[in-house]
Amino acid sequence: YIAELFFDFLSSKKAIDFNEILFRSYKIISDNDFISKSLANKFYEISIDEFQDTNIFQYEILKAINKYKLCTFFMVGDEKQKIYTFAGAIDNAFENAANDFEASVEDLNITYRSTTNIINGYSTLFPNHPKLVNESKYKNIDYKIIISEVKNADNNAYIERCIKNLIEKNNVPLQDIAILTNNWKEAFLISRHLRQKYHIVGLGALPHRSMNSSTFNLIRCLGKFTLFPTIRHLRVVRRNVEFHSLENNLTLSEKELTFCTNSLISKVKRIDLTVTLIDGLTILREMFESVFGINHSDIEEIISNINEDEANFWTLEKYLKTLAGVDGITINTIHQSKGLEYEVVFVNGVSENKIPYQKFLERIGNEWIYEPLTIENIESGRTKLYVGMSRAKAILFLIHNWKPSMFIPLIRATNN
């Protein structure tokens, strides 16, 4: 029923989602030799990162390009980090590619990221994990993995106390700390608890609900350019000026687009970023209306959604830094942390029924009933925890709220 509503909505908007884009791309490339051969001629080599999460349509697109043997492929990944099976990641991606692309598989067993204790901790999750050679600058640091049982009501306060100690006793910068969660709700609740005392980036970091408009996106990219004035960020600003004008039915010439972009940038640079957030957004609204000549009531909507209790804790500078995702504690889901690394990592919710995941069915008296564990759930939980733990370089916290995850005893055994 929900799927029918979703596809009816797409049809009414004459839109397609990402999966449809991918499927149509697959059909165009696989059914038209001219297109697949043109792509093969266009690229000398195609590099695919996180190859273990490749789905069947992506894989078939690569095969269609490869059949002409005009370009080479470089595929990098780790089967132990395949956490997108729910999105269609194929099984045995590297084994299949070795056959289909007539390629050799090279095992990379040198790591340059973490302490030996962290490496031993996540390696023990897989019975046949290859022995890794640690060439990290942290390899001789003997920090133990910190495994903590914390009552649910004290969870966020415990994380806050740990962060305070890290900052005051170890001088750890905020941007070197990450808190990784099982889902967005956990992340939001932790962010809401911490964001008045610390600068937070990631999920739940803003003092208002998530917004999705060209105005909000333009404020975001203007903030990034103001903080980091690079050519790349300038191009993003210009592109968003164009999107904003299209959304508001404004027809601008190339000269007018350039003028609007330059005007916005110069006006933002003249704003005193230490003003309160409410005052700063009011200034931005006046600035947008003077440049585009139209009403920008959606900025007033942002202002009206700001939590009154938090408004006084926010300056425009803090808001723009939060939008830009810089200089703060990162709070995100484990899935969104793929490919990232931090000095200090908290993996939250390493508890029974969460890692591996078990669906809650009902409560009978004081007993909570969950679906039985399946092999698929166990393997999914194993890879998920592996990804979360391997983000840490120096210090790793594993937090559980009641019974620990089935993987905690394995980690404890290597952590003596």
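Student: Which residues does serine 214 touch, not counting residues up to four places away in sequence?

Tutor: This is a predicted model, in which local features need pLDDT of at least 70 and side-chain atom pairs count only at pLDDT 80 or more, while totals for chains, interfaces and linings use all residues. Residues are numbered from 1 along each chain as its sequence is written, and side-chain values use heavy atoms, with hydrogens and water left out.

Leaving aside residues up to four places away in sequence, serine 214 touches Phe243, His244, Glu247 and Asn248, where contact means heavy atoms within 4.5 Å. Serine 214 is found in helix H9; helices here are DSSP runs of H or I with at least four residues, strands are runs of E with at least two, and both are numbered from the N terminus. Serine 214 counts as buried because its relative accessibility is 7%, the classes being buried under 20% relative accessible area, exposed over 50% and partly exposed in between, with a 1.4 Å probe and protein chains only.

Helix H9, which spans residues 214-227, packs against helix H11, residues 254-269, at an angle of about 65 degrees and with the axes 10 Å apart. The axes are lines fitted to C-alpha atoms over the stretch in contact, and the angle, on a scale from 0 to 180 degrees, is taken between N-to-C directions. H9 passes H11 in a right-handed crossing, that is, the near helix is turned clockwise from the far one by less than a right angle. On the H9 side the contact is made by Leu218, Leu222, Phe225 and Thr226, and on the H11 side by Leu264, Ile265, Val268 and Lys269. By class, this contact has six nonpolar, one polar and one charged residues; Ala, Val, Leu, Ile, Met, Phe, Trp, Tyr, Cys and Pro count as nonpolar, Asp, Glu, Lys and Arg as charged, and the others, Gly among them, as polar.

Next come the cysteines. The structure holds zero disulfides, a disulfide being a pair of cysteine sulfur atoms within 2.5 Å. Cysteine 221 is in no disulfide, and the nearest cysteine sulfur, that of cysteine 260, is 13 Å away. Cysteine 221 is buried, with a relative accessible area of 6%, and cysteine 260 is likewise buried, also at 6%.

Lysine 338 is buried, with a relative accessible area of 14%, whereas glutamate 50, at 27% relative accessibility, counts as partly exposed. Salt bridges that share partners join Glu50, Asp53 and Lys338 into one network.

Another salt bridge, between glutamate 20 and arginine 24, has its closest N and O atoms 2.9 Å apart. Glutamate 20 and arginine 24 are separated by about one helical turn because they lie four residues apart in helix H2 (residues 18-31).

How values were computed
Salt bridge = Lys/Arg side-chain N within 4 Å of Asp/Glu carboxyl O.
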